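Subject: The structure, and notes on it

Hi,

Here is the structure I promised to pass on. Please have a look at it first, and then read on for my notes.

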Amino acid sequence: MTHPAHLDYDVLADLAEGLLDEARAASVNEHLDSCAPCRDLSADLADVSRLLAEAPAPSLPPDLAARIDSALAAESRGDAPVVSLAERRGRRPWRILSAAAAAVVVLGGGGLVAQTVLEGGDDTSSTTAQQPLADPTRPSDAPLAVQVWRPTSSGTAYRAATLAGQVRDRLAQAATSAQAPPADERLTGCVNRVTGGRPPALVDRATLDGGAALIIAVRAQSRLDVWAVDPACSADDPKILQHTG
Amino acid sequence: MASVSMPRLEEIPDKELLALHAAGDPHAFSTLVQRHRDRMWAVALRTLGDPEEAADALQDACLSAFRAAARFRGDAAVTTWLHRIVVNACLDRIRRKSVRPATPMGDDATFDAVAPKLPDPSDAHGVSLDVQDALAAIPFEQRAALVLVDMMGYSVEDAARVLEVPAGTIKSRCARGRARLAPLLRHHRNRKEARNVGGVEGGGVPT
């Protein structure tokens with residue numbers, strides 16, 4: 001036997017990463033020069049890296065993307081009692097809905113209902129309230145560096161009788177809806193006129209009782225101001241169809 | 001009222017998005033996440049194997065990053081920071097599930113499961129599943145290093161920054177991991193020359 005000490009994958013992997021000292025690397029290389037089976041093992045290792053590199057990247061499931069958008073939107077609203085990582089242990093699909101639903105209910109003006117939603121069979125809910133805005137570096141009323149809202153075109157068929165509730169539902173899903181192109185000058189003027197300059201939580205091109213309408217919502221503390229305006233709304237003439245809040 | 005020009009968040013660099021987020025911008029962070037979430041997902045799924053666990057880890061990571069953004073230090077790339085948070089979220093998931101093995105199958109079972117797929121080594125889907133199974137059979141630290149270096153294309157130095165260990169440790173983990181994966185994946189080798197495998201089945205020859 002001319003090869004008293006065949007090489008194993010560990011030594012060859014170390015060699016490939018330059019982890020062997022000079023003397024050991026020299027003897028390993030010498031062995032490889034004269035030993036086909038060990039060269040074959042060495043090629044196996046190179047193939048491992050190749051197979052890993054060639055593995056197709058998994059695509060992000062759309063429902064997961066939507067779920068994360070919703071979770072971030074709920075967190076971003078800040079006044080929502082976001083369920084902590086610890087509390088979410090063991091919960092499965094509905095927990096994100098819980099966080100989103102809680103956010104909406106709180107916006108609607110009541111923490112009690114939100115608490116009920118969050119309980120959902122979990123006996124630790126008394127500690128679910130988190131303080132996402134307690135971080136002193138992020139005061140909730142800090143002036144925004146830029147005004148960033150974009151209209152959506154959800155196509156939702158709003159009804160005058162249920163407008164506020166539908167808006168709350170939309171806000172829970174706002175991050176997942178298709179965004180329309182940025183607002184043009186007229187729409188910006190319209191929204192500023194309607195909201196009195198406050199940043200809108202929602203600007204949604206949709207219908208109200210079957211007629212085209214623009215739905216605008218603004219959060220104010222625990223209240224939600226909702227307007228339905230004619231699509232021709234402008235800064236000069238807001239054409240408000242309905243206002244609830 | 002004069003028109004308000006709409007800044008295109010999509011065109012703002014990562015670090016500025018984080019700064020906007022820290023300043024209270026409600027959309028900056030989700031823009032950042034949307035920009036990087038495909039790669040974050042790839043890291044989470046490959047590191048954990050289980051899609052449901054990986055989904056939870058990715059969400060945990062996004063929320064952690066959201067809350068920790070104010071503490072981001074500008075000396076690292078935002079992607080490095082995000083990937084570190086993803087890997088830590090994955091590790092956190094594994095620790096919680098420590099009673100359960102990372103893979104539902106042991107090494108032998110993995111080997112048995114991949115062996116019948118021999119007839120079609122070019123089947124990309126089959127290879128991908130085998131790679132995932134094989135990855136699940138190696139320790140987390142080796143897997144995380146290989147996911148970053150061999151699968152995601154990070155340099156050893158960048159992977160070291162993500163995992164917060166010395167570059168030499170990354171090299172060592174990659175070497176150990178490749179050595180363990182080699183016998184699990186060698187049936188996918190597609191070299192033309194005749195194999196000379198006598199006596200080396202099972203991952204090595206006694207020295």
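The hairpin of β2(A) and β3(A) has 2 residues between its strands, and A:Asp209 there takes a positive phi near 50°. That is a positive value in a residue other than glycine. A:Asp209 sits in the loop between β2 and β3 of chain A, and it counts as partly exposed because it has 14 C-beta neighbours inside 10 Å. (A residue is buried if 20 or more other C-beta atoms lie within 10 Å of its own, exposed if 12 or fewer, and partly exposed in between, with C-beta atoms placed from the backbone.) Helices (H or I, at least four residues) and strands (E, at least two) are DSSP runs, numbered from the N terminus.

Before going further, a word on the model: it is predicted, local features need pLDDT of at least 70, side-chain atom pairs count only at pLDDT 80 or more, and totals for chains, interfaces and linings use all residues. Residues are numbered from 1 along each chain as its sequence is written, while chains are lettered from A and ligands numbered from 1 in the order in which they are written.

Strand β2 (residues 202-208) and strand β3 (residues 211-220) of chain A pair in the antiparallel sense over 7 bridges; two strands pair if DSSP finds at least two bridges between them. Across this pairing, A:Val203 stands opposite A:Ile216 in β3(A), and A:Ala206 has A:Ala213 as its bridge partner. On to the next pair: β3(A) and β4(A) also run antiparallel, joined by 7 bridges, and A:Ala220 is bridged to A:Arg223 in β4(A).

Together, 5 strands of chain A form an open sheet with mixed pairing, in the order β1-β2-β3-β4-β5. β1 (157-158) and β5 (240-244) of chain A are at the edges with a single partner strand each, so one side of each has no neighbour in the sheet. Helix α7 (residues 163-173) of chain A packs on this sheet, touching β1, β2, β3, β4 (223-229) and β5, and its direction makes about 105° with that of β4(A). Helix α8 (residues 185-195) of chain A lies across β2, β3, β4 and β5 and runs at about 50° to β3(A). Contact here has a cut-off: the C-beta atoms of two residues, placed from the backbone, lie within 7 Å. Axes are lines fitted to C-alpha atoms, for helices over the stretch in contact, and angles run from 0 to 180 degrees between N-to-C directions.

Two loops in chain A are worth a look. A:Lys239, in the loop between β4 and β5, has a positive phi near 50° and is not glycine; it counts as partly exposed because it has 16 C-beta neighbours inside 10 Å. A:Pro181 is in the loop between α7 and α8 and counts as exposed, with 10 C-beta neighbours inside 10 Å. A:Pro181 and A:Arg150 are 31 residues apart in sequence, yet 7.3 Å apart in space, C-alpha to C-alpha.

As for chain A overall, it has 8 helices and 5 strands, and buried residues make up 37% of its 245 residues. Helix α4 (residues 62-77) of chain A has 16 residues and reaches 22 Å from its first C-alpha to its last, close to the 22 Å expected at 1.5 Å a residue (the expected span is 1.5 Å times one less than the number of residues). Among the buried residues of α4(A) are A:Ile68, A:Leu72 and A:Arg77.

Now to chain B. Which residues touch the most other members of the largest nonpolar core? In that core of 78 residues, they are B:Ala44, B:Leu58, B:Cys62 and B:Val86. Helix α2 (residues 28-48) of chain B gives the most to this core, with 11 residues. A nonpolar core is a set of buried Ala, Val, Leu, Ile, Met, Phe, Trp, Tyr and Cys residues joined through C-beta atoms within 7 Å. Leaving aside neighbours within four places in sequence, B:Ala44 is in contact with B:Ala54, B:Ala57, B:Leu58, B:Val86 and B:Cys90. Another core lies apart from it, with 28 residues that include A:Trp149 and A:Val226.

Finally, the axes of helix α1 (residues 14-22) of chain B and α2(B) come within 8 Å and cross at roughly 150°. Residues making the contact include B:Leu17 and B:His21 of α1(B), and B:Phe29 and B:Leu32 of α2(B).

Best wishes
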